[in-house]
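Hello,

Here is the structure for your files. My notes follow below it.

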Amino acid sequence: RGVTAFTLLARVRHPLAPRLVRSALANSDAKIAGAAVRALGDIGGDWAIGLLLESLRAETRSRSRIAAQLERLAPEPGARLVPLLRDPNPKVRFWGARLLGRYPDLGEQALIALAWDRNANVRAAAMETLGSRSGQWRAP
């Protein structure tokens, strides 16, 4: 019932919704936290994207599930994904590079720089995203 309640409140943009969803994200019950991630993807909007990005950075929940919700919200997250490419955590940089695959006009120089990242997964994600774009690139 709690999951249904916070989802409904969030959909109608009730002022308490962000606090309730944030609380659900932090819940130790994986089902409740997972429902919060899905609800944020259903709801969209600035605050939902902000919570998803915050969760992606903090790894409070599965990064792949959070990334899936951010992909669903395209093109809304757009430019808010570019700072992920400069995050100190290589897992966050990896997901930033992957998520920018849907945005061919964003983050080109940062993605090129990631081609020399010390983390092999980040390099691969950056190259995959760059490879999906047309045009020519020069090394930074």
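Which residues of helix α5 (residues 63-72) are buried? In this predicted model, they are Arg63, Ile66, Ala67, Gln69 and Leu70. Viewed down the axis of α5, these buried residues fall within an arc of 160 degrees, so they line one face of the helix. Their packing partners are three other helices: α3 (30-43), α4 (46-58) and α6 (90-99).

On the fold as a whole, the protein chain has eight helices and zero strands. Read from the N terminus, the order of elements is α-α-α-α-α-α-α-α. The radius of gyration is 16 Å, close to the 14 Å that the globule rule gives for 140 residues, so the chain is as compact as a globular protein of that length. Along the principal axes, the C-alpha atoms fill a box of roughly 55 × 25 × 20 Å.

Contacts and burial come next. Of the contacts between residues at least 6 apart in sequence, 61% join residues at least 24 apart. Buried residues account for 43% of the 140 residues in the chain.

Last, the surface and the charges. The accessible surface of the protein chain is about 7800 Å², and carbon and sulfur atoms hold 52% of that area. There are 22 positive side chains and 12 negative ones. The centres of these two sets lie 4 Å apart.

Regards

Conventions
Residues numbered from 1 in each chain as written. Predicted model: local features only at pLDDT ≥ 70, side-chain atom pairs only at ≥ 80, totals over all residues. Heavy atoms only, no water. Helix = DSSP H or I, 4+ residues; strand = E, 2+ residues; numbered from the N terminus. Rg over C-alpha atoms; globule rule 2.2 N^0.38 Å. Buried < 20%, exposed > 50% of the residue type's maximum accessible area, 1.4 Å probe, protein only. Contact = heavy atoms within 4.5 Å. Areas by Shrake-Rupley, 256 points an atom, 1.4 Å probe, with all protein chains shown as cover. Lys, Arg positive; Asp, Glu negative; His and termini not counted. Charge placed at Lys NZ, Arg CZ, Asp CG, Glu CD. Arc of directions from axis to C-beta.
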